[in-house]
Amino acid sequence: MVSPLVLDQSDDPAQEVYMETNTGNPTDRPSKPIKIAFLFNYRCLRDREALLSLLLVFSLLFISSTSLAQAIIKGKVVNVADGDTITVLDSSYRQHKIRLYGIDTPEKGQAFGNSAKKFTAGLVAGKQVEVKAYDVDRYGRTVGVVMVAGLNVNRELIKAGYAWQYRKYCKASFCGDWLQLEREARVSMRGLWDFAVDPVPPWEWRKAKRSGNTSSKTSNTYTAPASEAYHGNVKSHVFHAPSCRHYECKNCVQSFGSRQEALDSGYRPCGMCRP
């Protein structure tokens with residue numbers, strides 16, 4: 001017969017367990033106790049808080065690794081809704097609606113809206129892409145940078161003149177480079193910049209539509225970042241204030257942080273807005 005385990009409750013981390021064996025025969029003498037040295041302190045293992053903390057750490061590590069794995073979406077583009085929205089079908093046949101990060105293309109009701117859509121479709125329609133997810137918007141769309149055969153689709157749209165760098169939401173380290181690409185597209189009059197009238201930024205167009213003003217004469221101005229207090233026309237060397245109707249003119253791609261900076265660079269103030 002095997003007697004119950006007896007635990008030594010001392011503070012020694014190398015705990016000992018004694019187990020006596022007996023055959024049940026009165027003539028048999030009890031065997032010598034068998035000592036089993038534990039490698040762990042029994043009291044620590046019994047501590048529920050310690051165990052819960054350990055489980056929590058492993059759970060967090062698992063969640064973190066899962067999140068990282070989900071940050072990249074790979075699949076085939078099965079739909080192009082407009083210039084900056086596509087649908088990707090992954091290997092599990094799950095569809096992901098993707099909103100391209102950091103850019104804004106003309107809406108369907110705007111000039112060049114259809115051209116922007118065709119440009120995007122020409123790059124990704126029916127092709128395998130890789131999406132690096134940055135966020136999820138209020139419509140449940142994954143917001144990310146789309147890569148196809150090593151080409152950055154978001155960047156290409158700006159470079160070709162079919163998208164604005166999205167001032168309000170483009171916060172990554174490369175967004176400054178994208179803004180410069182937009183300026184270069186304007187100077188070269190590529191895409192939507194090859195137009196008689198300065199195009200209306202999509203965010204301004206949507207705002208006007210919500211307010212019921214769908215006129216084609218919707219204001220082209222918007223609040224500029226503090227780092228772009230003044231815009232200078234690289235051809236006429238005239239600079240404008242953010243409130244000026246010519247602030248976003250086709251050739252107004254030079255930015256100045258102050259009025260004095262513009263003057264020191266050889267630019268003269270606009271006679272209309274008098275910056």
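A disulfide is taken here as a pair of cysteine sulfur atoms within 2.5 Å, and in this predicted model that rule gives a count of two disulfides.

**View 1. Pairing of the bonded cysteines along the protein chain.** When the bonded cysteines of the protein chain are numbered in sequence order, the pairing reads 1-2, 3-4. The two disulfides counted under this rule are shown in the next two views, the one joining Cys-170 to Cys-175 and the one formed by Cys-249 and Cys-252.

**View 2. The disulfide between Cys-170 and Cys-175.** The sulfur atoms of Cys-170 and Cys-175 are joined with an S to S distance of 2.0 Å. Because the torsion about this S-S bond is about -90°, the disulfide of Cys-170 and Cys-175 is left-handed. Both partners fall under the 20% limit for a buried residue, with Cys-170 at a relative accessible area of 6% and Cys-175 at 4%.

**View 3. The disulfide between Cys-249 and Cys-252.** In this link the sulfur atoms of Cys-249 and Cys-252 lie 1.9 Å apart, and the torsion about the S-S bond is 90°, which is the right-handed form. Cys-249 is buried with a relative accessible area of 10%, and Cys-252 is likewise buried, with a value of 1%. A further cysteine, Cys-270, counts as buried at 5% relative accessibility.

**View 4. The largest nonpolar core, with its 29 residues.** Within this core, the residues that touch the most other members are Ile-86, Val-88, Val-124, Val-129, Val-146 and Val-153. The elements that contribute two or more residues to the core include the strands β4 (72–82), β5 (85–89), β6 (95–100), β8 (128–136) and β9 (142–148), together with the helices α3 (113–124), α4 (153–159) and α5 (175–187). Strand β9 supplies the largest share, namely four residues. As general background, nonpolar side chains tend to be buried together in soluble globular proteins.

**View 5. The surroundings of Val-153.** Val-153, one of the core residues that touch the most other members, is in contact with Leu-100, Leu-123, Val-124, Val-146 and Val-148 once its neighbours within four places in sequence are left aside. Among these partners, Val-124 and Val-146 are also listed with the core residues that touch the most other members.

**View 6. Helix α6, residues 202–210, and the strands beside its buried residues.** The buried residues of α6 are Pro-202, Trp-203, Glu-204, Trp-205, Arg-206 and Ala-208, a list that holds the charged residues Glu-204 and Arg-206 as well as two tryptophans. These buried residues pack against β7 (103–104) and β11 (164–165). The helix α6 is followed by Gly-212, a residue with a positive phi near 90°.

**View 7. Positive phi at Met-189 and His-237, neither of which is a glycine.** Met-189 has a positive phi of about 55° and lies in the loop between α5 and α6, where Met-189 counts as partly exposed at 35% relative accessibility. His-237 also has a positive phi of about 55°, and His-237 is found in the loop between β12 (230–232) and β13 (238–240). With a relative accessible area of 33%, His-237 is partly exposed.

Terms used. Residues are numbered from 1 along each chain as its sequence is written. This is a predicted model: local features need pLDDT of at least 70, side-chain atom pairs count only at pLDDT 80 or more; totals for chains, interfaces and linings use all residues. Side-chain values use heavy atoms; hydrogens and water are left out. Buried means under 20% relative accessible area, exposed over 50%, partly exposed in between (1.4 Å probe, protein chains only). A nonpolar core is a set of buried Ala, Val, Leu, Ile, Met, Phe, Trp, Tyr and Cys residues joined through side-chain atoms within 4.5 Å. Contact means heavy atoms within 4.5 Å.
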